Amino acid sequence: MNLSNYSYANPELFWIFLVIPILVFYYFLKHRSTRLYISIPFSDIDHEIKPTWKERLIHLPFIIRIISFILIIFILARPRSSSVGSEVNTEGIDIVLAIDISASMLAEDFKPNRIEAAKNVAKDFILSRKNDRIGLVIFSGESYTQCPTTTDHNVLLNTLTAVKSGMLEDGTAIGEGLATAVSRLKDSDSKSKVVILLTDGVNNLGSVSPETAGDIAKSFGIRVYSVGVGTNGLAPYPVQTPFGKEYQRLPVQIDEVILKKIAATTDGKYFRATNNTQLTEVYSEIDKMEKTKIRVEEWRSYTDMFKPFLLLTIFLLGFELLFQHLILRRIP
């Protein structure tokens, strides 16, 4: 029995242990053993009489009482074992990734190209947001909800992996993409709702303008982080020819004015990424700004452990009583 593993409800009672040395001193002062001698007449030698085994055990009852007294102190101090637990409450964030999949996203100023780089960074972002509901919207000349917001991130990741350019009519409908993302979040009961809008172009299609979509997002309390991807200047675009794939260097055109306006309207932020490293840093910064709230409530329960001490005390006192009256009993 390791007493150090217990905590005690009344540890101040251990001061009573200071009384024990006083009791021991008083006992031996009062019951000092004396050697018995018998003088044999007509003899010059005194013969010492050796003590019997009963006399050797005469102090045993006192030792048992002291041990019992120690145990009683432990009982009164209330030894108890404790267990600690915690309850974790999370307040997740609802996030929709709106990713441009137009043909221009095949440009290879990002490795292996813009769309694959965007997917890879988005996958890492999803894996880091274990407590959030995340959805996926893709857009080019039109928009489509590829995956509604879900906490089943394995399904989301599989869906994201299958995304490729050419799945939708070509073009760049930024307003349509943002509006579709907003429609996935407008009925959410989450206190924090976010759209991460990633594009490499200028809005040229769609019935909803980017400004209008931004205003709608603001009305529903949805924050938009807009991300423009593409190098500065010219970027290599692959073109299929009868002789195989060739590259054309075309100017990068990103409507940063509109993207900044959308972000400002919704209390979000605009980011520009010109390479893979910067794109990773963009998502890392968004991850830091949109932290999931986690509240941990700890609890502690106690179990009284005095019963073993009580049983041992009863046994010792019972043994001492029997020993005193049966073994050390004096016959008149």
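1. On the α7 side, Pro-210, Glu-211, Gly-214, Asp-215 and Lys-218 make contact with Ile-258, Lys-261, Ile-262 and Thr-265 of α8. Sorted by class, the residues of this contact come out as four charged, three nonpolar and two polar. Keep in mind that this is a predicted model.

2. Now the geometry of that pair. Helix α7 covers residues 210–219 and helix α8 covers residues 256–265; their axes lie 9 Å apart and the packing angle is about 15°. Angles under 35 degrees count as roughly parallel, and α7 and α8 are therefore roughly parallel to each other. The crossing in which α7 passes α8 is right-handed.

3. Helix α6 (residues 174–185) packs with α7 at an angle of about 15°, and here the axes are 8 Å apart. This pair is therefore roughly parallel as well: α6 runs roughly parallel to α7. As for handedness, α6 and α7 cross in a left-handed way.

4. Who touches whom there? From α6 come Ile-174, Gly-175, Leu-178, Ala-179 and Val-182, and from α7 come Pro-210, Ala-213, Gly-214, Ile-216 and Ala-217. The class count for α6 with α7 is eight nonpolar and two polar residues, with no charged ones. Pro-210 and Gly-214 are worth a click in the viewer: both are listed in the contact with α8, and both are listed in the contact with α6.

5. Next, helix α5, residues 153–161. Its buried residues are His-153, Leu-156, Leu-157, Thr-159 and Leu-160. Looking down the axis of α5, you find these buried residues within an arc of 160°, so they line one face of the helix. Turned away from that buried side is a face with the exposed residues Asn-154 and Asn-158.

6. Finally, the whole chain, for context. The protein chain has 13 strands and ten helices. It has 332 residues, of which 39% count as buried. Taking the contacts with a separation of 6 or more, 81% are between residues 24 or more positions apart.

Methods:
Residues numbered from 1 in each chain as written. Predicted model: local features only at pLDDT ≥ 70, side-chain atom pairs only at ≥ 80, totals over all residues. Heavy atoms only, no water. Buried < 20%, exposed > 50% of the residue type's maximum accessible area, 1.4 Å probe, protein only. Helix = DSSP H or I, 4+ residues; strand = E, 2+ residues; numbered from the N terminus. Arc of directions from axis to C-beta. Axes fitted to C-alpha atoms, helices over the stretch in contact; angles between N-to-C directions. Parallel < 35°, antiparallel > 145°, perpendicular 65-115°, else oblique. Left-handed = near helix turned anticlockwise from the far one by under 90°. Contact = heavy atoms within 4.5 Å. Nonpolar A, V, L, I, M, F, W, Y, C, P; charged D, E, K, R; others polar.
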